Amino acid sequence: MTSPNLTIPSRLARRRAATAENQRPAWEEPPSVPGRLSKGVILGLVVLAVTFPLYVVVVTSLSSTEAVTRAGGLVVVPRELTLSAYVQLLSGGVVTKALMVSMGVTVIGTLFSLVITVLAAYGLSRPGSLLHRPLLFVVLLTFLFGPGIIPSYLLVSSFGLIDSYASLILPTAISAFNLIVMRSFFMGIPGELIDSARVDGASEFGILTRIVMPLSKAVVAVVGLFYAVSYWNAFFNALLYLNDNNKWPLQLVLRTYIVQAQQLPAGAGGIVTSPGMNLAPAPTLAIKMAIVVIAVLPVLLAYPFIQRHFTKGVIIGAVKG
Amino acid sequence: MTTVAESRRLRRSSRGGANWRQRFRKDWPLLLMVSPVIVLLGVFHYFPTLGNVIAFQDYSPYAGIRGSEWIGFGNFARLFAEPEFWSALLNTLTITGFQLVFFFPIPIFLALLLNSVLSVRVRTMIQGVAYLPHFFSWVLVVSLFQQMLGGSGLLAQSLRTHGHGAFDLMTNPDTFLLLVTSQAVWKDAGWGMIVFLAALSTINPALYEAAAADGANRWRRMWHITLPGLRPVIVLLLILRLGDALSVGFEQFILQRAAVGSEVSEVLDTYVYYQGLLVGDFGYGAAAGLFKGVVGLVLILVANRFAHMMGEQGVYSKS
């Protein structure tokens, strides 16, 4: 009997607190009707500007030949949805291959970047440690200038890394920004906690894995997602270092067949081989839009996790410096 | 005697050598942890930076840096005599200037608008949607714009069904400036709000209440409280943008160069890429890249000095 009595008032109180927060303070005059209206219209347009193109692309990618023909191109009103474009794209061919490459580079690159970033961020986060100032300076200085396109290309090519997947990871493996975000989080962990572990005989590595990491799950997740998104989106590295179009990641495929509007190769969509499926071949436009959707989907899936941590101030704190 | 020995040991440890050795014995695991990052930055950032010396060479990939002939400032002389280079520089500065006027204020405006929304849930929802395109790649953004505004895009398609003529914003050089700016706004204006929203949240609400009690209306409160509260952030970002005037984004332009032609879309970065890598004129391309890098560095340092003079905290603090 007691538990509902306890929970119901607290829930009510929470709702009351929420509405209090949502309420206009007594001293503030209510906005005029046109003012309120134009605010709503502008913010509505902002939301629409982002969501509408995505919506059209998704709907078109799911449309049949007939629907595309009737719409005269992109489809706004969904009718007779079919997955055949996706089935065709993912049953082998250029896009399947590129998807594998992008996923592989993203997973391996993110793990690699995250591990060395965590190590360095911790190594630079202990106040007064040997050489930490000059080493931090070496990291920060990378904000001010880059090596330039041509010297980078010559270096990668002199290492024999042209046409290797390593060329998509190693040159851009470290983001100084991510490192600084993580370091400033580590510096916020109370020194007493770390000192007491040291007194108990823990090594620095032990302190990092057993004390610092469990306290830093949020920042590690955010930095990991930042790295993952940047690997997934990377386009220029591949343009620069890969001549072999069999090794192309998804972004280059997207550029070739959508931005440059080159004809999809005959086998690009793959062939629907599974007899049970009984799908009509998808129209070219639906296939193209399905490539766009495949390129954006992982970002959309990762986004809620990134967004959840905005509120924790991880990023805002770092942006403010 | 022990005290004398102790004090001597103390003195010695505070003097160079032994102290360093001691600190090294304590801190070597930390140094080991930092080393992979330092090695990677050394190999892929600092070492190729030195490679910019080929800007002073008639560089041939077969002869390498050691075997190529040194020609002093020959590449730079060619660069400064080349109208295409000046056109790329002019395009870059035009785009920066245009975006300073038509992009820069939008995040401030949006942040003010969003901040005045009372419902926390609506605010969070709009923030979520507005930040999203920041995480899209440029290839994706250009693809989406093409599908909406291009020759076979949605807008052209509906104009056609209503009997209007052909329409293609993606290949029109006259509207290119507008196009790239609206792409930049679409992608990053929402994300740009983050800094201003953070600054708005630090303004003391009691100030507004006091001003309202003194009879200041909505607009006067914005003018006398909100904008002064945002001023440091606005000044800092403005200065940073000016310091970064030579960078307008590379991928966005390389993706659309073929469609609208190099006359309007060639910026410094794409110029380096085409002249240096695609034409294979490495020394010349490196000279153009080095010009951009050095002028850019000077601009950033000047901008930062300027920020300090204005009493703001710059990108890096002086300590």
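## Conventions and one residue

Helices are DSSP runs (H or I, at least four residues), numbered from the N terminus. Residues are numbered from 1 along each chain as its sequence is written, and chains are lettered from A in the order in which they are written. The model is predicted: local features need pLDDT of at least 70 and side-chain atom pairs count only at pLDDT 80 or more, whereas totals for chains, interfaces and linings use all residues.

B:Gly74 belongs to helix 4 (residues 74-80) of chain B.

## Helix packing between chains

Helix 7 (residues 149-158) of chain A packs on helix 16 (residues 282-309) of chain B at about 130°, and their axes are 8 Å apart. Axes are lines fitted to C-alpha atoms over the stretch in contact, and angles run from 0 to 180 degrees between N-to-C directions. The two helices are therefore oblique to each other, a class left after under 35 degrees (roughly parallel), over 145 (roughly antiparallel) and 65 to 115 (roughly perpendicular).

A:Ile149, A:Ile150 and A:Pro151 meet B:Phe282, B:Gly285, B:Ala286 and B:Gly289 in this contact, where contact requires C-beta atoms within 7 Å.

## Domains of chain A

An automatic or database assignment gives chain A domain 1 (40-81) and domain 2 (85-320). Their centres, taken over C-alpha atoms, are separated by 30 Å. Each of the two domains gives nine residues to the contact.
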